[in-house]
Amino acid sequence: MDFGQTAPARSSSTGYCGVSDTLPLLRRLWRDEVRRFLPVLLAALILMTLEGATLGAMSYLVQPLFDEVFVAGNATAVQGIALAIAGIFTLRAVAGFGQRVLVMGVGLKVTTALQTRALDHLLDLDAGYFQANAPGDLIERVRGDTLALQQTASAALMTVGRDAISLVSLLAVMLWVDWRWALIAFVGVPILILPLALLQRWIRDTTRQARGSASLLSTRLDEIFHGMVSIKVNRLEDHERARFGREVAGFLTAQIRSETGKAALPAVIDVIAAAGFLGVLLYGGAEILAGEKTVGAFMSFFTAMALLFDPLRRLSMVSGQVQAAAASLERIYAMLDVRATVLPPAAPVPIAAGRLVFHDVDFAYGQEPVLQRLSFTAEAGQTTALVGPSGAGKSTVFALLTRLIDAKSGAITIGGTDVAAADPADLRGLIAYVGQDAALFDETIAENIRLGRLDATMDEICAAAAAASVTAFTDAMAAGLGTRVGPRGASLSGGQRQRVAIARAVLRDAPILLLDEPTSALDTASERVVQAALTDLAKGRTTLMIAHRLSTIRDADKIVVIDRGGAVESGSHDALMAKGGLYANLVAAQASFGRQNGVGGSGSPPGHAPDRHPK
């Protein structure tokens, strides 16, 4: 089924470029996900403060170590200084361990909460959104971007909390020793401002490109793994290797550019550090030779300065980490900000099964019309077949009926109630659906059937399985209905998958049944079994069927022929054949195709393909 398109959740390549654009994203993250962990973060901040302060304390102890022990030879001071240094290292170890555990725990909780929120949001979006956005891209946003955000944000938080305190404590020691030396050490810092600003923009842009390339990689892998049989049968291995190689090359280029920008940040700091060390050594060394400063004072200052540039380098990288996190965050919020267009009415009207009526229904994908003043009636308790050329809009009828999309104009009623006035959940509760591809999950056969009605008992599941001829093949399996079907039902044949889907519909026991070419991909033997199960399932239900094979539509109570978005003919098989119109032409073409290909009269007509509106 094709459900139209919703605007892709692609972030702008120019919308977020600087700190002013990053702050709203971070404030939103704080408000939505992080704020509830404030007590834990405050505890982590206290531990970060202790860890950061230990560097200043160690550099401060260097002066008495040199002046009192190494120069003055005071042996009694050794023990006290040694114990103090050991205590500082112990405190640093405990505080560092504690704050890392707390911050990483918060980061993982925020990540999983974002992933859960993202999936909750996606499940509420219109079906068309998932045609406009590839599964690989959505997986990358839900998993890849949230994990990238957690890793970069946690590292940035720990760096800021710990290294900012380290920076302050080391600066205090440097100023305490000699404020003039401190000014000389940082004389080149103003030069950092412009390069850092340019690098931040570079990192943000290249990280965004890298995340987009990662989405393409995930999409390509998803297509390869799901299309593996077609790839092998058509000898497309080299073609797919080349395509994936191009995507990998694009990702590699973008990621290397991003990492290059991050690596440039500490390099800039090192250049400034070199200038600072040179100035202090020249100026401070002269004062020591003149006897104006002690060796211990110089070593304390030099140690503080040497230790200071390490946290300064890490803090300079924080801006790059924040920009990288913001690139992922904007992709996540771009998805979360998409709003569903098919919504329940403010005051929903109760809806019950009955006659289905389409009255002058119009629908278009974008600017291209698909249905134009479509009108037909499906009587309650009868089977109505929809036939017509591929692309005529048949599957769009199903999407409109289930409110996966909404009509542009006209009315669709069930039992006299307009579906637009009903709650979509109540509407869909009236409907069971069996399509061309059975949507099976990597669970047991029984659990896949249970999806028709989650509160079903095992006896009810077994009864549904028997009604759909599922037990005909599960009885030969060691685990029976407890057999796992594999990813997307890969361990079952096409006919077996369809029978499981029919059993699900049997269990659902809904008064309206929608059948979208459920036997189109089956061989003749499987078709007979599945068709028999479908015939039993349709008894007493209002059934709409899309099908091309004569064996599935000949006995329908009514056949509606749709062409170019409108109903051009309707009636029984015999009446339409006698009329000699479009239906009769389709039947003749199908019969000719069947004779040419040795499949009798039930083969698909020439040019038949799944009824999808071209994008």
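Guide: We will go from the whole chain to its sheets, its helices and a few single residues.

Visitor: Is what I'm looking at predicted, or what is it?

Guide: This is a predicted model.

Visitor: OK. How many helices and strands does the chain have?

Guide: The chain has 20 helices and ten strands.

Visitor: And how much of the chain counts as buried?

Guide: The chain has 615 residues, and 47% of them count as buried.

Visitor: Let's do sheets. In what order do the strands of the four-stranded one come?

Guide: The order is S2-S1-S4-S5. The sheet is open, and the pairing is antiparallel.

Visitor: Which strands stand at the edges?

Guide: Strand S2 (368-378) and strand S5 (417-418) do. Each has a single partner strand, so one side of each is left without a neighbour in the sheet.

Visitor: How many bridges join S1 to S2?

Guide: Seven bridges join them. S1 covers residues 356-365, and the two strands run antiparallel. For one example, Phe363 has Leu371 in S2 as its bridge partner.

Visitor: Now the six-stranded sheet. What is the order there?

Guide: The order is S6-S7-S8-S3-S9-S10. This sheet is open too, but its pairing is mixed. Its edge strands are S6 (431-434) and S10 (566-571), and each pairs on one side only. On average, neighbouring strands of the sheet are turned by 20 degrees against each other, direction ignored.

Visitor: Show me one pair. In what sense do S3 and S9 pair, parallel or antiparallel?

Guide: They pair in the parallel sense, over four bridges. S3 spans residues 383-387, and S9 spans residues 558-563. Look for Leu386: its bridge partner in S9 is Val560.

Visitor: Switching to helices. At what angle do H14 and H16 pack?

Guide: The angle is about 125 degrees, and the axes are 8 Å apart. That makes H14 oblique to H16. The crossing is right-handed. H14 is residues 458-467, and H16 is residues 494-508.

Visitor: Which residues meet there?

Guide: From H14 come Glu460, Ile461, Ala464, Ala465 and Ala467. From H16 come Ala503, Val506 and Leu507. By class, that contact has seven nonpolar residues, no polar ones and one charged.

Visitor: And H16 with H17, at roughly what angle do they cross?

Guide: They cross at roughly 5 degrees, and their axes come within 10 Å. H16 and H17 are therefore roughly parallel to each other. Among the residues in contact are Ile502 and Val506 of H16, and Val530 and Ala533 of H17. The contact of H16 with H17 divides into eight nonpolar, three polar and one charged.

Visitor: Single residues now. Where does Ala468 lie?

Guide: Ala468 lies in the loop between H14 and helix H15 (471-474). At 0% relative accessibility, Ala468 counts as buried.

Visitor: What does Ala468 touch?

Guide: Leaving out residues up to four places away in sequence, Ala468 touches Arg499, Ile502, Ala503 and Ala533. Also look at Val506. Ala468 and Val506 are 38 residues apart in sequence, yet 7.5 Å apart in space, C-alpha to C-alpha.

Visitor: How about Gln99, buried or exposed?

Guide: Gln99 counts as buried, because its relative accessibility is 0%. Gln99 is found in helix H3 (residues 76-124). Not counting residues up to four places away in sequence, Gln99 touches several residues, including Leu47, Met48 and Arg162.

Key: Residues numbered from 1 in each chain as written. Predicted model: local features only at pLDDT ≥ 70, side-chain atom pairs only at ≥ 80, totals over all residues. Heavy atoms only, no water. Pairing = 2+ DSSP bridges. Axes fitted to C-alpha atoms, helices over the stretch in contact; angles between N-to-C directions. Parallel < 35°, antiparallel > 145°, perpendicular 65-115°, else oblique. Left-handed = near helix turned anticlockwise from the far one by under 90°. Contact = heavy atoms within 4.5 Å. Nonpolar A, V, L, I, M, F, W, Y, C, P; charged D, E, K, R; others polar. Buried < 20%, exposed > 50% of the residue type's maximum accessible area, 1.4 Å probe, protein only.
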